[in-house]
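Could you walk me through how to read a few features of a protein model? I would like the general idea first and then the case at hand.

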Amino acid sequence: MSCFGGGPNFCPECGNVLPLPGIPDVVCCPGCSFRIPVSEFSGQEIRSAVVFNPVEQAPVSQDEEDSEMKGPVIDRRCSHCNKEGMIYHTRQMRSADEGQTVFFTCIHCRYQEKEDS
């Protein structure tokens, strides 16, 4: 007694997708022992197609270009221009049991430096 219904492309016993009929006289389900003769598929047209998603090139916006200039501003003196005010962000660059790496960007000259904490 079959448990699944869904058309001739699916195994009625376990619901797996049946392979395309080929040279053998019987189509065997890869998931169970269900077998169906190829003659059951006579008169049916079997088609397959591969459809790829189109590659879209998004234009770079001004927001993405200035993304390093977004974030909290802290009172830290830039070692390049010697002015106060830097933006920072953190990333886990090393193993998980070590501290984060802090990246600083000067809001005046855009000089970047990093500190391993």
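The dialogue below takes up the sheet, the aromatic rings and the cysteines.

Q: Before we start, what kind of model is this?
A: This is a predicted model, where local features need pLDDT of at least 70, side-chain atom pairs count only at pLDDT 80 or more, and totals for chains, interfaces and linings use all residues. Residues are numbered from 1 along each chain as its sequence is written, and side-chain values use heavy atoms, leaving out hydrogens and water.

Q: In what order do the strands of the open sheet run?
A: Strands of a sheet pair through backbone hydrogen bonds, either parallel or antiparallel. Here strands are DSSP runs (E, at least two residues), numbered from the N terminus, and two of them pair if DSSP finds at least two bridges between them. The open sheet has four strands in the order β3-β4-β5-β6, with antiparallel pairing. At its edges stand β3 (73-77) and β6 (112-116), each with a single partner strand, so one side of each has no neighbour in the sheet. From one strand to the next, the twist averages 40°, with axes taken as lines fitted to C-alpha atoms and angles running from 0 to 180 degrees between N-to-C directions.

Q: How many bridges join β4 to β5?
A: Six bridges join β4 (residues 84-91) to β5 (residues 101-106). Met 86 stands opposite Cys 106 in β5.

Q: How should I read the aromatic rings?
A: A pair of aromatic rings is described by the distance of the centres and the angle of the planes. Rings of Phe, Tyr and Trp (its six-membered ring) pair if their centres lie within 6.5 Å; planes under 30 degrees apart are stacked, over 60 edge-to-face, and the rest tilted. That rule gives one aromatic pair. The ring centres of Tyr 88 and Phe 104 are 6.5 Å apart and the planes meet at 45°, so the pair is tilted. Tyr 88 belongs to β4 and Phe 104 to β5, so the pair ties together parts 16 residues apart in sequence.

Q: Is Phe 104 buried or exposed?
A: Buried means under 20% relative accessible area, exposed over 50%, and partly exposed in between (1.4 Å probe, protein chains only). Phe 104 is buried at 5%, while Tyr 88 is partly exposed at 31%.

Q: How many disulfides does the structure hold?
A: A disulfide is a pair of cysteine sulfur atoms within 2.5 Å, and the structure holds zero. The sulfur of Cys 29 has its closest cysteine sulfur in Cys 14, at 3.4 Å, too far for a bond. Cys 109 is in no disulfide either, with the sulfur of Cys 106 nearest at 3.7 Å.
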